[in-house]
Every structure is written in C-alpha cells, then in structure tokens.
Amino acid sequence: MAERVMIAMSGGVDSSAAALLLRRAGYDCAGAMLKLYGGETAEGGCCSASDAEDARAVAAKLGMDFYVFNETERFHRDVMDFFVSEYRAGRTPNPCIDCNRCLKFGALLDRALALGYDYIATGHYARVSFADGRYHLLRGRDARKDQSYVLYQLTQAQLSHLLLPVGEYDKPAIRALAAEAGLLNAEKPDSQDICFVPDGDYVNFLQDYGHLTLREGDFVDKCGAVLGRHRGLPAYTTGQRKGLGVSAPARLYVISKDAAANTVLLGDDADLFSRSLRASRLNWIEPEPDAPLRVTAKTRYSQSEAAATVTVNGDGTARVDFDEPQRAVTAGQAVVFYDGERVVGGGTIEKALFS
C-alpha cells in the first residue's frame, strides 16, 4: 500500500509542484489548505480567496482529494495575538515562523495523523535527511531560495513525518515542471505580504486589531541626551532611518528600543554593529551543545551567514559571539545556527550585546 501524504497547498507554484512530484513518486496524496485569517487579504499576499481556488484546481487536476481546515481561532491566538504582544514588548517578530511552528507543522500535522496519513509535505526550499539515528534539516539546493531559516523550530517528531520535495530543485526548474504538467499557477508570482497586514501598515493593524495605544516618548542618543519625540515604539524597528522626524547634521538610525523607559535610541550607522547577542526560546534540531559550539549563523532571513560561537547558558538562553560585527541585530527576530548544510537550531533574539 502506498504511503499517504497530506500536502499543505497555498495556491502557489511551490506547493503545487510538491504535490506533482509526490504524485509522480507514487505516494497516495491529498491536498489541504488551512483557513487561517477571516479578514480581507489582498491579492499578492498569502491566503487570498484566489489562492484557495488555485489550490483546489491543482488538486483536482492531479486527481487528489482536497481538504480545507478551519484554524482561524488558533491562528488569531498563536500568531496574531503573539504578534501584538511582541510589538507591545518592544520587539519585532516574524509571524511566518510562528505560523509554521503552530499551524503548518502543528495543527496540520495533527489533523493529517488523525486521518491516517503518514506524512505532511510543504513547498519549502529545504530538505530532510535521516542519519546517525536522528533526522536532520538541511538547506535547500538552491541557495538563493533556501528557506531552512524559517523552519528552525521543527522537532524530531515533526521531521519524522515531513517531506520537502522541492528542496532538491531550484526555482526555475520548479516553474518548468509545473508548466510542463499544465498547472495553472506555473508562472504565478510569489506572495510577499503578511496575510493579516495586507497593506503593510503594521501600526494601523496593532491599533485596530490589538487595541494598542501608541505612547509618545523620547528619542535619545547613547549619552542619554533627548533628540526629539517619537510617536510610539511600535512605529520603529532597528536599522530604520526614514520617518524619524529628527533634524541632525548626520544620518540617524534606530539602534534599539527600551520598552520600560519608552525611549528609542538613535545613533549613526556604526552604532548598529554588534559582535554578540542573547537568544531565548531555543530549539535544537541537532543535539544541544554542552560546550561552546562553532557555527555559522544568520539573524535575518535574507542575511548572509557569519561565523560565530554559540554558548548555552544555565538559564536556557544562549550567547552568540560573532567573529565579525553584525549590523542591525533586532530583538524578536530569529537567529539560526548552521553546521555546513545542517540546521543545528536557533532561537529568538532578546537583544544585541555591545560589550
């Protein structure tokens, strides 16, 4: 009997190609979409009405059953509400990582296993291998599209039920496969926006949905001198230069935010560079190190990796010391650790350390 796979289908070409590849490999496949957000989603973002239509059409063309699971309550609680709480605390979160953890590899996997499926699959550009008695998360073959960074929170149990077929290909090859098979979304543009902030106005979302009240406070420099007034911490993020409204002889950037004091620290570009950071909410795919570990690490999805040493502290946090200073390390973002092709693990950045 063929092994059964439930494929998370977004309506995009990557997840559609994943379904195509798994069907050709002989798996018994079904498509599934999670209904996550009840509001209006702009075309070009994820989770739009046309995305659902495209996913259903691809599933039908490939002769697969198609499920829609309502997970709006969990999405609001674990992703949208958490997004608001992180901004309230002065951090800048990555909701797509939280959605992967709680919904795609949480709720969807639970539903698939309950229905008797052996695996779930997604269209992420990453790979899973098994060696030395454990599962490993590997980068995608296409370095330009590698998405292993957003999957660092996967567990051994989740990896044991996960297939990532497009990770062996580059994007042009995936589009060519989809076009050759006559899939309607072969040339569909990739989604860019967060589904619950389709216009990109995070501040408006935080006020309307999160009932967050902006509190004015002081822009300060590293000596504590007041440089002007800010409109509220959520309106700013580390590295921001535009929209500050502060007159100065040189360009100023947001260096950090202090939620307790309600201040935003400004400085020049050189002040954005730090050699170390502290991370919490750690997840280890490879065994947790009991001594300082040499890795390469990245602090943003689009950033290049940099050589670093990770030291796990007794309180469950970790200190990451980079060989070279890193620019705009941002509280709330993820730091992900690599050993060659393998994702070792990662965590949430608490703060940049400047000494």
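Is the crossing of helix 3 and helix 4 right-handed or left-handed? In this predicted model, the crossing of helix 3 and helix 4 is right-handed. A crossing is right-handed if the near helix is turned clockwise from the far one by less than a right angle, and left-handed if anticlockwise. Residues are numbered from 1 along each chain as its sequence is written, and side-chain values use heavy atoms, without hydrogens or water. Local features need pLDDT of at least 70 and side-chain atom pairs count only at pLDDT 80 or more, while totals for chains, interfaces and linings use all residues.

Helix 3 spans residues 72–88 and helix 4 spans residues 95–114. Their axes come within 9 Å and cross at roughly 165°. Helix 3 is therefore roughly antiparallel to helix 4 (an angle over 145 degrees; 65 to 115 counts as roughly perpendicular). Helix 3 brings Arg74, Phe75, Asp78, Val79, Phe82 and Phe83 to the contact (heavy atoms within 4.5 Å). Helix 4 brings Pro95, Asp98, Cys99, Cys102, Leu103, Gly106, Ala107 and Asp110. The contact residues divide into 9 nonpolar, 1 polar and 4 charged.

Helix 1 (residues 13–24) and helix 6 (residues 171–180) have axes that come within 9 Å and cross at roughly 65°. The two helices are therefore roughly perpendicular to each other. Their crossing is left-handed. Among the contact residues are Val13, Ala17 and Leu21 of helix 1 and Ile174, Leu177 and Ala178 of helix 6. By class, this contact has 7 nonpolar, no polar and 5 charged residues.

The structure holds 1 cavity of 30 Å³ or more. A cavity is a set of points on a 1 Å grid where a 1.4 Å probe fits but cannot get out; lining residues have an atom within 4 Å of a point. The largest cavity contains about 40 Å³ of space. Its lining includes Asn100, Arg101, Phe105 and Gln158. Helix 4 gives the most to this lining, with 3 residues. The lining has 4 nonpolar, 3 polar and 1 charged residues.

The second largest pocket has a volume of about 380 Å³ (a pocket is an open set with protein on both sides within 12 Å along at least five of seven lines). Of its 19 lining residues, Ser256, Lys257, Ala331, Glu350 and Lys351 are the closest to its centre. Strand 10 (253–258) and strand 17 (342–353) each supply at least two lining residues. The largest share, 4 residues, comes from strand 10.

Notes:
Axes are lines fitted to C-alpha atoms, for helices over the stretch in contact, and angles run from 0 to 180 degrees between N-to-C directions. Angles under 35 degrees count as roughly parallel, over 145 as roughly antiparallel, 65 to 115 as roughly perpendicular and the rest as oblique. Ala, Val, Leu, Ile, Met, Phe, Trp, Tyr, Cys and Pro count as nonpolar, Asp, Glu, Lys and Arg as charged, and the others, Gly among them, as polar. Grid points are joined across faces, edges and corners, and a volume is the space filled by probe spheres set on the points.
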